[in-house]
Amino acid sequence: MSSIDNLKARLSIPVIGAPLFIISNPDLVIAQCKAGVVGSFPALNARPQNVLEEWILRIKAELSDFQNNNPEQKVAPFAVNQICHNSNDRLFGDMELCVKHQVPIIITSLRPPEEIVKEAHSYGGLVFHDVISVKHARKAAEQGVDGLILVCAGAGGHAGTLSPFALVREVREWFDGAIILSGSISDGYSVAAAKMLGADFAYIGTRFIATQEANAEPEYKQCLIECAAEDIVYSSLFTGVHGNYLKPSVVNAGLDPNNLPDANKSAMNFGSGGNTDAKAWKDIWGSGQGIGSIQDAPPTSELIARLNSEYLEAIKKFG
């Protein structure tokens with residue numbers, strides 16, 4: 001059985017929880033994995049750096065204990081997201097910890113991750129890299145990644161503009177690895193649609209913000225419940241990279257969401273909100289377009305049970 005097939009066999013539903021800056025924490029990751037969904041977090045969420053090792057050890061221990069006590073339960077592996085960018089001076093130190101503790105999956109962002117792939121493969125880990133275009137997908141594939149996360153139109157945070165119908169089909173023409181689809185996926189029906197389109201896994205981020213375990217302000221979660229796709233704005237102002245954000249948070253920062261300037265490239269500071277006083281992710285809330293179906297903020301286990309039910313219903317009806 002291949003590594004990807006082994007991963008599929010460990011999941012209750014073909015879903016990977018996207019790493020959410022500030023929001024993803026061990027509580028959320030553990031709850032996701034216990035329910036059979038890959039949980040992930042950005043390494044940079046663990047501050048200071050020595051906390052990263054504490055998080056990894058806690059997640060591994062709790063998942064191991066849970067699996068031992070529930071041998072029939074599908075318990076998913078977890079993932080750590082590494083930002084491969086010059087501004088991330090923690091990258092190599094964080095990867096040393098991931099290698100030391102053999103983190104099962106590494107999710108990489110921005111630069112093609114050749115050195116990360118080599119380190120992860122040294123102990124049998126998988127590497128999934130997120131991309132927004134075929135050009136970026138080919139570069140990552142050349143580095144030997146095990147899977148490509150296709151960040152399509154409507155995804156939360158730093159999203160692309162291509163339709164999943166275009167990007168998935170083009171990439172599947174030449175890529176034999178795993179395809180993980182991101183963009184407006186908030187329920188089990190969308191997960192089934194991603195599978196029918198040719199993806200191996202669905203990548204869900206925004207929907208997990210509105211859960212009890214997520215480290216998000218109550219106002220943020222309530223905003224997701226109250227808003228819909230029309231309440232999303234696509235802008236490069238806040239980090240220098242185009243992304244999708246909730247309009248109410250932009251208004252709360254004293255800005256007009258309908259008249260946002262482009263980012264000042266000379267002042268670009270990835271992830272910091274360097275083009276305004278408002279901080280991206282903290283003050284300006286990321287969100288995908290698929291929020292119209294969000295009606296509550298339940299425990300993560302309850303949400304994943306609901307995703308499973310919807311997914312099976314869709315497969316039975318249309319599959």
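Three bridges join strand β7, residues 178-182, to β8, and the two run parallel. This is a predicted model, so keep that in mind as we go. In that pairing, Leu181 has Ala202 of β8 as its bridge partner.

Now the other neighbour. Strand β1, residues 15-17, is also joined to β8 by three bridges, again parallel. Here Gly17 stands opposite Ile204 of β8.

What about the side chains of β8, residues 201-204? Phe201 and Tyr203 point one way. Ala202 and Ile204 point the other way. All of them are buried.

How does the chain get from β7 to β8? Through helix α8, residues 188-197: β7, α8 and β8 make a right-handed β-α-β unit.

Next, aromatics. How many aromatic pairs does the structure hold? Five. I'll show two of them. A pair of rings is described by the distance of the centres and the angle of the planes.

Take Phe41 and Trp55. This pair is edge-to-face, with 5.3 Å centre to centre and 70° between the planes. Phe41 lies in strand β2, residues 39-42, and Trp55 in helix α3, residues 50-69, so the pair ties together parts that are 14 residues apart in sequence. Both Phe41 and Trp55 are buried.

Then Tyr245 and Trp281. Their pair is tilted: 5.5 Å centre to centre, 40° between the planes. It links distant parts of the chain, 36 residues apart. Tyr245 is in strand β10, residues 243-246. Trp281 is in the loop between α11, residues 247-252, and α12, residues 300-318. Tyr245 and Trp281 are both buried.

One more ring to look at. The charged end of Arg138 sits over the ring of Trp174, 4.4 Å from its centre.

Last topic: the cores. The largest nonpolar core has 79 residues. Which members touch the most other members? Phe78, Ile106, Phe128, Leu148, Leu150, Val171 and Leu181.

Zoom in on Phe78. Leaving out residues up to four places away in sequence, its contacts include Val29, Cys33 and Val38. Also among them are Ile56, Ile59, Lys60 and Leu63. Val103, Pro104 and Ile105 are on the list too.

There is also a second, separate core, of 16 residues. Among its members are Leu20, Ala210, Ala214 and Ile294.

Methods
Residues numbered from 1 in each chain as written. Predicted model: local features only at pLDDT ≥ 70, side-chain atom pairs only at ≥ 80, totals over all residues. Heavy atoms only, no water. Buried < 20%, exposed > 50% of the residue type's maximum accessible area, 1.4 Å probe, protein only. Helix = DSSP H or I, 4+ residues; strand = E, 2+ residues; numbered from the N terminus. Pairing = 2+ DSSP bridges. Right-handed = clockwise from strand over helix to strand, strands pointing away. Phe/Tyr/Trp six-rings, centres within 6.5 Å; stacked < 30°, edge-to-face > 60°. Lys NZ or Arg CZ within 6 Å of the ring centre and 35° of its normal. Core = buried A, V, L, I, M, F, W, Y, C linked by side-chain atoms within 4.5 Å. Contact = heavy atoms within 4.5 Å.
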